[in-house]
Amino acid sequence: MTRRIMVIGVLTLALMVPSAIVRAQSDEARTALWSGRYEEAIQTWEALYRRDIATGEDMRGLLAAYMRLGRYDRAMEVGEEYVVAAPADAPEIFNKLGEALYATGDVAGARRRFEAAVAAGATDRLTARLNLAIVDFERGARRQAMERFESFIDVYNDGEATSAADMMAVARACTYLGIDDPQLFHDAVRAYDRAIEMSPGDPEPRLGLGELFLDKYDSTEAAGLIGEALRLDDQWARTHVAEARRLQFEGSADALARTERALELNPRSVAAWVQRATMLLATGNREEATHDARQALEVNPGSMQALAVLAAAQYLERDQDAFAASRATAAAINPRSAAFLETVSEQAAQNRLYGEAVELSLQAVESDPRAWEAWGTLGLNQLRVGEIEAGRESLERAFAGDPFNVWYKNTLDLLDTFPGYRNVRTANFELFMRADRADLLGPYLGAVAEEAWAELTAKYGYEPPDRVRVEVFERHADFSVRTVGLAGLGALGVAFGPVIAVDAPGVSGMSEFNWGATLWHEIAHVIAMGVSESRVPRWFTEGLSVYEEHRARPGWGEHVDPGFLLAYLRGDMLPVSRINEGFFRPRYPQHISHSYVQGSLVFEFLDEQFGFAVIPQLLREYAGGATDAEAVAAVLAWEMSEFDERFDTYVRTRFAGPMAALAAHLERAPEGEQPAAATPVDVGSARERADADPEDFVAHLQAGIELADAGQLDQAEPYLRRAKRLFPGHAGPDSPYLYLARAHVERGDLAAAIDELSTLVTLTDKQLQARLWLAGLLEEVGSPEGAAAVLETAFYIDLDLPDELDKAARLHEVAGNWPAVVRARRALLGLDPVDRAAAYYELARAQMGAGDVTAARRAVLFALEIAPSYEAAQELLLELRARRSET
């Protein structure tokens, strides 16, 4: 008997060893799946399947590996084979089979498999229950779907969720329930956190939680979770799509590359095709976006997301028949969904059709009043078209339904500050600015705005139908929230058509910028959008606005600098036919700013070749729906390839000298390096290079600056003069004009210093200190009018300059320019001077000089109200009364 027991024991041990090996292989395959080694996982599980020893759990993993590679057909083929071969274990793969069917548009088949998994009590039955609820929700059976989602609360509370997959099902159910009860988003986060604890090697719980944060515009939280998921598995297309969404949200140029990486990993990823189509559509590339949407629909004809992006492209193309057909298809899938129209609305806004976006969002919320994202899109676009109160109401409704949306919260917080703002009305503008800054900013901003209006409306033959609202923000973070909902936007101004948002002069936290040029730039956008009916491509309107800045004042706008020409010489700049990509897919850090410059050169070129008249003609072609190629063919009679060649020749001819002067640096510098004299160099080596090559701009500039900084101005001057001749347009912080002016002042040659600085300030819209220096020199040599004129250019950079404003007022008074005196005196009052009575008195004097007796009387009365015994004010009041009696 003992011997028999021993034999049985040996036999049991012998059977256990292969079983243990099989389990180890299965575990290795699972690890391979979670770490992105899909082929390895497939090979292992397929081997177990061929040996008839694969469990239902193994087969579920095998199907998952197929699906992550986009092999949905293979997943269904092998799954159906297993159902026949192993009917007892078949329920274990019913849910996964259902997911493959649903991913390819077979809704009925997917539903049957999900129901079968639930009925059979499969291990993943909770996931199958979740999938049934999602099918109901996405097909319009919302009440039934919500009842199914609601049941997961009991699942969690009763301890039925025993695996990470179960916890993820609970989390996703809570996410849907959060539509009606936002507090359940907290439960979703807790369930995801529990899933991460239960299965730390699986990237899916982290990814799911990261996607949830991304849906709430919390990119910071999303970044860490998506990054962790990528570290676990960088071969899963879904992780790259999520990262692409996050990068797009952050405004990163790397977003498209991430999406393309997702498509490399899974060419049948519907999410990746939709993401790429969405991004392309935002850049105006409707043809490629349409192609990508159709690629997604080939995989899954029932994808509402793909259908919505396709419809958005059709809408933007003004193909009303095709759009109507897509809308009917979407209604057949889910007649109650607002997501379809919300997507179209969002794309309309991305393409600057803000008024149309409002109408589309109104239709979306009418179809589903609980579509909080649609309410949010509606509110944001109402604000963009100037419907402030309606926008607030829509955003409040959106935030009440989705209080975790950072964008809504930030925007509502900003709107709460608006009672502290004041409207300053001019003939054609409504300047909306902080009340305590309105007296300072209003006179100057109003003057620039009206001047831009007069010039640009006459040039383009277009006047906006209503006053343009200009919102001026003292904090860059507020400006950023107003435009994109979050802090961190790098721009200084944005035009929405009837509404402009800009940073205030001298706003803290930003580098020196010219608010006058910025405001002119944005008003030019308003005109271009009006003429083109908001259909102008971004490259065109940005380049045109810079071109108009150049014509407004000497030095305004971005200009050709050494960095731009080096990029052009390296071949980093794109041809005109692809210039729009530079704004949306920059190749290097400065590519966007260089694209502004390149765009402005396109209009310099067109003006030279054809005259200005072709520019409004092109805008009208865009209004009719033309593409770049169609507009160019209609107006210029060129193919885009010819445009590319002619423009390239123009640039290389116009800047042949500076390009030659940079050639030596181009040969030596690592790719992407910009010439900067601030970079420490050995002065000996710089001088040696300059002496060896009289055409090397960078060497001469560096040698001159190093010598000047060492106090050797006489030795520095020849190098600086040569650098100036080689690149006369270089007006950056290391400009040779500055160093030469310094040398002249030290020698007492003020006239020469004035010449250098006068040239410098016509080449740039920055250089505040150089302007103040120049104004002082001009006053010193007895040129009050010249000094006042230069100070006025300084005020376009910063207005918080009380001493300079007072000086400008005095200088303008000497020259008899009373309107300018009035403007400066009014601005000084806006700086809340200590002696307000004296400030009002000076304003009254200026207004009297300008012939405005009524305003002068009002100002002097303010002075006397503050200081009743102010004798000079009393005398002025008597003089004003005498003048009134004379008239």
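How many nonpolar, polar and charged residues does the lining of the second largest pocket have?

What we have here is a predicted model, in which local features need pLDDT of at least 70 and side-chain atom pairs count only at pLDDT 80 or more, while totals for chains, interfaces and linings use all residues. Residues are numbered from 1 along each chain as its sequence is written, and side-chain values use heavy atoms, with hydrogens and water left out.

Let me start with charge. Side chains of opposite charge can pair when their charged atoms come close. A search of the whole structure finds 66 salt bridges, a salt bridge being a side-chain nitrogen of Lys or Arg within 4 Å of a carboxyl oxygen of Asp or Glu.

One of them joins Glu92 to Arg60, with the closest N and O atoms 2.8 Å apart. This pair links distant parts of the chain, since Glu92 sits in helix α5 (residues 91-103) and Arg60 in helix α3 (residues 56-68), 32 residues apart; helices here are DSSP runs of H or I with at least four residues, numbered from the N terminus. Both Glu92 and Arg60 are buried, where buried means under 20% relative accessible area, computed with a 1.4 Å probe on protein chains only.

Arg60 also forms a salt bridge with Asp124, and there the closest N and O atoms are 3.8 Å apart. Because Arg60 lies in helix α3 and Asp124 in the loop between α6 (107-119) and α7 (125-138), the pair ties together parts that are 64 residues apart in sequence. Asp124 is buried, with a relative accessible area of 8%, and for Arg60 the value is 14%.

Now to the pocket. The second largest pocket has a volume of about 780 Å³. On a 1 Å grid over the protein atoms alone, a pocket is an open set of points where a 1.4 Å probe fits, with protein on both sides within 12 Å along at least five of seven lines, and lining residues have an atom within 4 Å of a point; the points are joined across faces, edges and corners, and the volume is the space filled by probe spheres set on them.

Of its 31 lining residues, the closest to the centre are Thr283, Gly284, Asn285, Arg286 and Asp628. Helix α16 gives the largest share of the lining, three residues.

As for my opening question, the lining has ten nonpolar, ten polar and eleven charged residues, counting Ala, Val, Leu, Ile, Met, Phe, Trp, Tyr, Cys and Pro as nonpolar, Asp, Glu, Lys and Arg as charged, and the others, Gly among them, as polar.

Technical notes. Helix = DSSP H or I, 4+ residues; strand = E, 2+ residues; numbered from the N terminus. Buried < 20%, exposed > 50% of the residue type's maximum accessible area, 1.4 Å probe, protein only.
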